[in-house]
Amino acid sequence: MLVYHLPGTFETREAHLDLLWEAGATGLEERAGLIRAYFDTRAELDDDIADGEWRDEVEQDWQAQFKATLRPVLAGRVTIVPPWLRHEVGAGQTALVIEPGMAFGTGHHATTRMAVEALSALDLGGRRVLDVGTGSGVLAIAAALLGAEHATGLDIDPLTIPIATENAEINGVPPGRVAFAEGSLGLGDDTDEVYDVLVANLYAELHDLLAGEYAAALRPGGPLILTGILTGKLALVRAALDREGFGDVTVREDGEWVLVTATA
Ligand code: SAM
């Protein structure tokens, strides 16, 4: 890929941009104080733009490079992998296949991993699980694979719903065991449905706002798993859980991230 590096920005070299196009540039890009002009072949350039430098750059396949860096993520009894690493899941581990894509939740973030670990530590057999802020569907799918009778994933971002649904299909979770819907708690259109387990990877301020909804959506004694909490915001979540009458609060930290469990 032939690129001509011209010092300056679109603003400072505005008068010279036409000269690049006239010389045959197929595209212009501004990056880090340089204008990058793409050419198919080396061109004769006007003196006004002769202060640049021709570079033959190796084309980078960022997508392929990113994919090559992904490793399986161990989270309790579950190993989260992209489809092409399914064969690397160890014996006795439950494979959770997530196609890395547009939605948050490949398992590589500490919060996702801690939440799957926390689900994995529960006996989910016959339980109904609610996952608030489902993203890729990873936590709801983990719950279903760990034996939950049914897992519901809610997300305010409608783009996540087809992604999560496809991830459930990839994992062979039948539609009767998992459901994804656009929505949240506390939007006024809630059903009165009560769940046995509630997991939410959101952020501290939202947990504070939703703590009352969590209490209403969980059966008494039901486990609550909250993450997406920065260590500096833990006090806010603890206070919200106290306020709403949750007990048995435990805290786990991983770097700057915290996972909190409690019971309703
Ligand atoms: N559950 C996945 C995981 O653990 O990796 C994704 C978590 S991601 C950090 C948070 C998700 O919550 C995003 O998909 C976002 O769209 C969604 N979200 C943000 N605010 C929300 C709300 N009030 N109710 C429901 N979902 C929300």
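Are F39 and W54 buried or exposed? Both are buried. Keep that in mind, and note that this model is predicted.

Let's start with the aromatic rings. Searching the whole structure turns up two aromatic pairs. Take Y4 and W54. Their ring centres sit 4.8 Å apart, with the planes at 50°. That angle is why the pair is classed as tilted: stacked needs under 30 degrees, edge-to-face over 60.

Where do these two residues come from? Y4 belongs to strand β1, residues 2-7, and W54 to strand β4, residues 53-56. They are 50 residues apart, so this pair links distant parts of the chain. Y4 is buried, and so is W54.

Now the pair of F39 and W54. Here the centres are 5.0 Å apart and the planes make 70°, an edge-to-face arrangement. F39 lies in strand β3, residues 34-39. From there to W54 in strand β4 is 15 residues, and this pair also links distant parts of the chain.

Next stop, A164. Which helix holds A164? Helix α5, spanning residues 160-170. Why is A164 called buried? Because its relative accessible area is 0%, and buried means under 20%.

And what does A164 touch, leaving out residues up to four places away in sequence? G135, S136, G137, I141 and F180. One more distance to check on screen: V132 is 32 residues from A164 along the chain, and their C-alpha atoms are 13 Å apart.

Definitions and conventions. Residues are numbered from 1 along each chain as its sequence is written. This is a predicted model: local features need pLDDT of at least 70, side-chain atom pairs count only at pLDDT 80 or more; totals for chains, interfaces and linings use all residues. Side-chain values use heavy atoms; hydrogens and water are left out. Helices (H or I, at least four residues) and strands (E, at least two) are DSSP runs, numbered from the N terminus. Buried means under 20% relative accessible area, exposed over 50%, partly exposed in between (1.4 Å probe, protein chains only). Contact means heavy atoms within 4.5 Å. Rings of Phe, Tyr and Trp (its six-membered ring) pair if their centres lie within 6.5 Å; planes under 30 degrees apart count as stacked, over 60 as edge-to-face and the rest as tilted.
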